[in-house]
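User: I am new to this structure. Please show me how to read its features one by one.

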Amino acid sequence: MKRLMTKLLNLPGVIVEDIQEAEDILILSVRTATKTAKCPHCGKISHRLHQNKKYLVKDLPIGNKEVILRVNRRRFKCDNCKKLKSETLDFVETKKNFTYRYAENITKQVIHSDINNVAKNNKLTGEQVETMLMSVALNMLPINLDNLQRLGIDEISLVKGQGKFIVVLVDLDTHKLLGLVSKRTQSEIKKVMLKFGEKVLAQIKEVSIDMTGNYKSLVKKICPNAEITIDRFHVMKMVQEELNQARIDQKKVAESLNIKKRASLFNSLKGGKYILLKTQKDLSNQQTEKLKEIKEASPHVAIMHELKEEFRLIFENRKSLGEGTLKLIDWLKRATPFYRKSVKTIKRWFGEIVGYFEQKTTSAIVEGINNKLKLLKRCGFGFRNFNNFEIRALLFWHYPNSLAH
């Protein structure tokens with residue numbers, strides 16, 4: 001029976017010496033197969049047993065029974081350095097009352113759910129689950145950045161309308177989260193990025209940023225070999241916002257017209273936001289008719305919509321850096337009377353924007369990461385501690401078999 005239970009337990013180098021069984025609990029007294037221990041101080045092997053010390057450790061269930069291991073962590077006296085030391089056990093961390101594999105199992109459950117539900121389902125307290133989660137995270141962190149070549153820096157808001165932003169650091173090649181910054185200040189971002197180490201920062205070839213944060217000078221200081229690019233996603237979003245603002249302004253103009261003209265213009269522009277912003281070739285027949293109505297009602301908006309579509313095609317159809325740059329310069333000339341704000345911003349960031357034509361980098365994946373972070377925040381019923389939230393997020397993207405893979 002002991003031999004069978006040792007096989008069922010399946011912990012390498014661990015032997016079951018005794019079995020106690022209750023209604024839904026198995027208590028297994030176990031020992032390691034080796035009769036010696038390695039001294040953590042001098043590295044010598046010791047045979048001199050000084051003390052047996054037993055304690056209880058929670059392990060994975062067997063069948064429908066909860067499993068508790070009565071572990072004997074022996075203490076040896078080193079003949080070389082004369083110090084007492086406890087043996088190192090491969091399956092359980094020192095001073096922990098759960099096995100590594102049990103903590104990993106609980107961590108996987110939390111990634112797919114939340115701490116309260118996992119605690120309830122496994123007859124644990126929330127504090128116990130948190131302890132296991134942090135234990136696994138500490139063994140996984142820091143994230144291996146040896147292959148990081150292209151970095152994305154973006155701002156996202158976890159709670160809509162509250163104006164609270166965090167900064168997200170993303171590997172643009174693996175589409176994985178690398179870190180979070182609680183404040184969007186240069187000093188805070190610098191503090192987090194410096195933890196990457198000089199070697200990693202020096203190997204980064206490209207950093208993609210948006211145009212809202214003043215990160216350009218920071219990147220140049222700490223990533224000496226990186227080219228800075230602006231993702232087309234952010235530039236397109238800026239143009240779309242100005243187009244929609246023009247639609248709103250035209251609706252306001254309608255209020256100054258006579259009743260008949262006002263009703264016609266207002267009704268045509270009402271509900272037209274997403275039709276104007278959506279890629280024209282993806283519109284349904286009904287939406288295409290609505291777009292035609294909008295353009296007939298407002299020639300100004302019609303011109304801006306055509307320019308918006310031309311702008312999109314410049315990025316989608318560019319064949320080279322030179323071709324894309326020339327077409328963008330031509331677009332800026334024609335768009336100046338209509339897209340004053342966007343044109344001004346594009347000119348200020350021109351070098352970084354045309355870099356897209358060569359690098360073809362997009363950080364639109366950050367939108368997907370944003371959605372997953374919001375889901376994670378809801379599953380955790382909010383996080384008062386930002387560090388805990390970051391650890392949970394990194395586990396979500398980097399822990400084996402998590403949802404992000």
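User: Is Thr-325 buried or exposed?

Analyst: Buried means under 20% relative accessible area, exposed over 50%, and partly exposed in between, with a 1.4 Å probe and protein chains only. Thr-325 has a relative accessible area of 16%, so Thr-325 is buried. This is a predicted model: local features need pLDDT of at least 70, side-chain atom pairs count only at pLDDT 80 or more, and totals for chains, interfaces and linings use all residues. Residues are numbered from 1 along each chain as its sequence is written, and side-chain values use heavy atoms, with hydrogens and water left out.

User: Where is Thr-325, and which residues is Thr-325 in contact with, leaving aside neighbours within four places in sequence?

Analyst: Helices (H or I, at least four residues) and strands (E, at least two) are DSSP runs, numbered from the N terminus. Thr-325 sits in helix α13, residues 321–335. Contact means heavy atoms within 4.5 Å. Neighbours within four places in sequence aside, Thr-325 is in contact with Phe-350, Val-354 and Phe-357.

User: Which residues of helix α15 are buried?

Analyst: In α15 (residues 350–359), Glu-352, Ile-353, Val-354, Gly-355, Tyr-356 and Phe-357 are buried. Their cover includes α7 (216–222), β14 (227–230), α8 (232–254), α12 (299–317), α13 and α14 (340–348).

User: How do strands pair?

Analyst: Strands of a sheet pair through backbone hydrogen bonds, either parallel or antiparallel. Here, two strands pair if DSSP finds at least two bridges between them. Take strand β11 (residues 165–171): β11 and β12 pair in the antiparallel sense over five bridges. Val-167 stands opposite Val-181 in β12.

User: Why is β12 largely enclosed by the rest of the structure?

Analyst: Strand β12 covers residues 176–181; five of its six residues are buried, so β12 is largely enclosed.

User: What is the strand order in the open sheet of four strands?

Analyst: The order is β1-β2-β7-β6, with mixed pairing. β1 (14–21) and β6 (54–62) are at the edges with a single partner strand each, so one side of each has no neighbour in the sheet. On average, neighbouring strands of this sheet are turned by 30° against each other, direction ignored. Axes are lines fitted to C-alpha atoms, for helices over the stretch in contact, and angles run from 0 to 180 degrees between N-to-C directions. Helix α1 packs on the sheet and touches β1, β2, β6 and β7. The direction of α1 makes about 110° with that of β1.

User: In which sense do β2 and β7 pair?

Analyst: Strand β2 (residues 25–32) and strand β7 (residues 65–72) pair in the parallel sense, over six bridges. Ile-27 has Ile-68 in β7 as its bridge partner.

User: What should I know about phi?

Analyst: Most residues other than glycine have a negative phi. Asn-10 has a positive phi, near 55°. Asn-10 is in the loop between α1 and β1, and its relative accessible area of 54% makes Asn-10 exposed. Lys-123 also has a positive phi near 55°. Lys-123 lies in the loop between α3 (115–121) and α4 (126–140). At 66% relative accessibility, Lys-123 is exposed. In the hairpin of β11 and β12, with four residues between the strands, His-175 takes a positive phi near 65°. Just after α15, Lys-360 takes a positive phi of about 60°.

User: How many helices and strands does the protein have?

Analyst: The protein has 17 helices and 14 strands. Of its 405 residues, 44% count as buried.
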